[in-house]
Amino acid sequence: MPGMHRNRVKGGAATASGTEAGAGREIGGKPEDSAPGNRDVESIAPENMNEGSTASENMNGGSTAPESMMNGGSTAPESMNGGSTAPQNGGREKAAASGGASGPRISRQRMFQLAAAVLFNGYAAGFHKGKIFTGKSKAVCVPVLNCYSCPGALGACPIGALQTALGGIKHHFPFYVLGMLMLFGIVLGRVICGLLCPFGLVQDLLHKIPLPKWKVPRKIDKPARYIKYAVLAVLVILLPAFAVTESGVTPPYFCQYICPAGTLEGGIPLLLADSGLRQVAGALFQWKLAVLAAVLLASVVIHRPFCRYLCPLGAFYSLFNRFSFYQMNLDSSRCVGCGQCEKVCPMAVEVTRDCNGPECIRCGKCKEVCPVQAISCGFVRREGKA
């Protein structure tokens, strides 16, 4: 079909009717050339329809039917959708965003939390024997709230160690414990709460239970957050340091009367493994169980209630949050003000106003949902950016 070949080479793909005469003139303007060309164009029209060669394809790339076939061009199903692959691409993008065929994947935060829980409580034999690990590593404070009495604990809880040092017979100033806490606070800040704390992991998992959630009113939430600072000051520091007892040794008040992490990680496993302990457990343990139950139930409807309102270790680290080496960063020039970051924040932080405030636990949820990637996090570089 010489006429058709010349039409395609010189004029591009065959399109709608009315182009035959123009095609003949474009080749050379000879009448005898246009007639065969017209017949050839008409003869291949069904072929074009079957191959999906449409006007939209010509506009998008100007490709001819043979070129489309050589390049893996459009097919009949595509032509039925108008020759456009955008709906298909959009479907693939939505599938990728929702997990696609690969299914749900574990988040970066969850991987850090699980790894930290195993690392800090790696003495598996302790759970089986019902005995506390007493190796040399027990003299080293871990950065998280992790009960010394947990059968699997390989290190010491910094809050328990601080109370023990302050409440001992000689009431030594806890240089070592405070030094370790300040080091953790300056380097990491409350990212310890968001990525490393085992009890934080427990609260996160409980909040996934599909039950109605409760958003604490701001007029209650904001003043209630100061309770944890009172717990730190009174139960962890002042009472152990200044309370007077007959023996001269003051008890670790927070650990003894409040700490739900200690009850869950230490008290319950030890009682389950030792029948003798179960027989002597009395009203104090019942009280601790009640505190634990209240925190766990609250965690189902409120995101991280213990971290928000009661944790003294979180209160201490929050003092360093603005100055720690690990920081959040919000690029205000890219932010579109959609508010998605604040909707997913487990600590109800006003991310767009103060992403490095004392309540931010650097869990990274805001970064994950930001549609324009305006939020970043990491260790501060020399030029002062995170």
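Helix H8 covers residues 108-120 of this predicted model. Helices (H or I, at least four residues) and strands (E, at least two) are DSSP runs, numbered from the N terminus. The expected span of a helix is 1.5 Å times one less than its number of residues. The 13 residues of H8 should therefore span 18 Å, and the end C-alpha atoms are 18 Å apart, which agrees.

The buried residues of H8 are Gln109, Arg110, Gln113, Ala116, Ala117 and Phe120. Buried means under 20% relative accessible area, exposed over 50%, and partly exposed in between (1.4 Å probe, protein chains only). Seen down the helix axis, these buried residues fall within an arc of 130°, so they line one face of H8. The arc is that of the directions from the helix axis to the C-beta atoms. The face turned away from the buried side carries the exposed residues Val118 and Leu119. The cover over the buried residues of H8 includes helix H12 (191-195), helix H13 (198-207) and helix H23 (365-369).

Residues are numbered from 1 along each chain as its sequence is written. Local features need pLDDT of at least 70, side-chain atom pairs count only at pLDDT 80 or more, totals for chains, interfaces and linings use all residues, and side-chain values use heavy atoms, with hydrogens and water left out.

Aromatic rings were examined next. A search of the whole structure finds eight aromatic pairs. Rings of Phe, Tyr and Trp (its six-membered ring) pair if their centres lie within 6.5 Å; planes under 30 degrees apart count as stacked, over 60 as edge-to-face and the rest as tilted. The rings of Tyr226 and Tyr229 have centres 6.1 Å apart and planes at 45°, so this pair is tilted. Tyr226 is exposed, at 55% relative accessible area. Tyr229 is partly exposed, at 24%. The rings of Tyr253 and Tyr257 have centres 6.3 Å apart and planes at 20°, so this pair is stacked. Tyr253 and Tyr257 are four residues apart in helix H16 (residues 253-257), and so about one helical turn separates them. Tyr253 is buried, at 16%, whereas Tyr257 is partly exposed, at 34%. Phe316, Tyr317 and Phe320 form one aromatic cluster.

The protein chain has 23 helices and two strands. Buried residues make up 41% of its 386 residues.

Technical notes. Contact means heavy atoms within 4.5 Å.
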